[in-house]
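Try each task before you read its solution.

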Amino acid sequence: MPEEDYMNAQQLAFFRARLQAMEQEILQNADETTEHLRETVVVPDPADRATIEEEHALELRTRDRERKLLKKIQQAVQQVDSGEYGYCEETGDPIGLPRLLARPTATLTLEAQQRRELKQKLYGD
């Protein structure tokens, strides 16, 4: 694909819709979790109670990860609006459609991401 066709209006609209769908799914999951946690079930058996508590803890950890993803999604939508979406924040190079299809919130090219991970591995955060 020619460089001038990268992140054209049609592609930006596609990724905006995909990001917004991801956002809605996360918000719906959060609402379901809230409703699920409000349901109080009194269970006399300590083992059953422990199982229920562990399930709630797992659900809350999942929602916490989704909350962090939600921030990334909202930042990506802002990048779509500003015309910066699809370009590496370190190098300015195109991230590439295959990577964005796999991870719509990506902000680095694969090479830049690998460099960052290697640096973190060698030197820590």
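**Exercise 1: The largest pocket**

Find which residues lie nearest the centre of the largest pocket, then describe its lining.

Solution. Start with the count: 13 residues line the largest pocket, and Lys72, Arg103, Thr105, Ala106 and Thr107 lie nearest its centre. Next, look for elements that give two or more residues to this lining: they are helix 2 and helix 4 (110–123). Helix 2 gives the most, with four residues. Now sort the lining by class: three residues are nonpolar, five polar and five charged. Last, the space in this pocket is about 260 Å³. Keep in mind that this is a predicted model.

**Exercise 2: The span of helix 2**

Check whether the length of helix 2 (residues 46–82) agrees with its residue count.

Solution. Helix 2 has 37 residues. The expected span is 1.5 Å times one less than that number. This gives 54 Å, and the end C-alpha atoms are 54 Å apart, so the two agree. Just after helix 2, glycine 83 has a positive phi of about 85°.

**Exercise 3: Helix 2 and the core**

Solution. Turn to the core: it has 18 residues, and Met7, Leu19, Tyr85, Ile95 and Leu100 have the most contacts inside it. Helix 1 and helix 2 each give two or more residues to this core. Finish with leucine 19: beyond its neighbours within four places in sequence, leucine 19 contacts Ile73, Ala76, Val77, Val80, Tyr85, Pro104 and Thr105.

Definitions and conventions
Residues numbered from 1 in each chain as written. Predicted model: local features only at pLDDT ≥ 70, side-chain atom pairs only at ≥ 80, totals over all residues. Heavy atoms only, no water. 1 Å grid on protein atoms, 1.4 Å probe; cavity = no way out; pocket = protein on both sides within 12 Å on 5 of 7 lines; lining within 4 Å. Points joined across faces, edges and corners; volume = space filled by probe spheres on them. Nonpolar A, V, L, I, M, F, W, Y, C, P; charged D, E, K, R; others polar. Core = buried A, V, L, I, M, F, W, Y, C linked by side-chain atoms within 4.5 Å. Buried < 20%, exposed > 50% of the residue type's maximum accessible area, 1.4 Å probe, protein only. Contact = heavy atoms within 4.5 Å.
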